[in-house]
Amino acid sequence: MVLKPWFTVAVFGALVAGTASAETPESIVRGIYAGGLTQSSIGRLRSPEKRARYFQPGLIKLLAADDRTENLCIDFAITSSGQDYDDKEITRTLRIETKADGNRTAIDVRFRTFGEPNHIRYDFVRAGDLWKIADIASLSHRWRLSKLRC
């Protein structure tokens, strides 16, 4: 049987769309930390072409403003709450906990780096069939991404 190109594209598109909508908050966060922070997917998620898929409008505006400014307002790794980190220690001590409540989910990420405990929370909200990051906060270093101003 020979498949028509348009059919192949339609089926592939449906599969990709189904995969994207099947992503859970926990799978998104696990993807961020998979392979260590050196290989983190947060850069891919926050890229201009992907932002609308993964972030709520307030964070999209902040990330766009951060891109436009010479002196970055997000001048640290939001995944580790700092500029330096020990990838091996983070991978070894990483703990992820999900707290779901209807259309909202909080993912708590705990790890150690250079012996210091870190606790990052990813707040998600359901937007149609998708889960989007509404905010990211460090509970150990007391910052919240939504409170940063560029």
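A search of the whole predicted model finds 9 salt bridges, a salt bridge being a side-chain nitrogen of Lys or Arg within 4 Å of a carboxyl oxygen of Asp or Glu. In this predicted model, local features need pLDDT of at least 70 and side-chain atom pairs count only at pLDDT 80 or more, whereas totals for chains, interfaces and linings use all residues. Residues are numbered from 1 along each chain as its sequence is written, and side-chain values use heavy atoms, with hydrogens and water left out.

One of the salt bridges joins glutamate 23 and arginine 53, at 2.7 Å from N to O. Because glutamate 23 lies in the loop between α1 (5–22) and α2 and arginine 53 in helix α4, the pair ties together parts that are 30 residues apart in sequence. Helices (H or I, at least four residues) and strands (E, at least two) are DSSP runs, numbered from the N terminus. Arginine 53 is buried, with a relative accessible area of 14%, while glutamate 23, at 21%, is partly exposed (buried means under 20% relative accessible area, exposed over 50%, partly exposed in between; 1.4 Å probe, protein chains only).

A salt bridge also links aspartate 66 and arginine 46 (2.9 Å, N to O). Aspartate 66 belongs to helix α5 (residues 57–68) and arginine 46 to the loop between α3 and α4, 20 residues apart. Both aspartate 66 and arginine 46 are buried.

Arginine 144 is in strand β5 (residues 143–144) and aspartate 123 in strand β3. Lys99, Asp108 and Arg121 are linked in a network of salt bridges.
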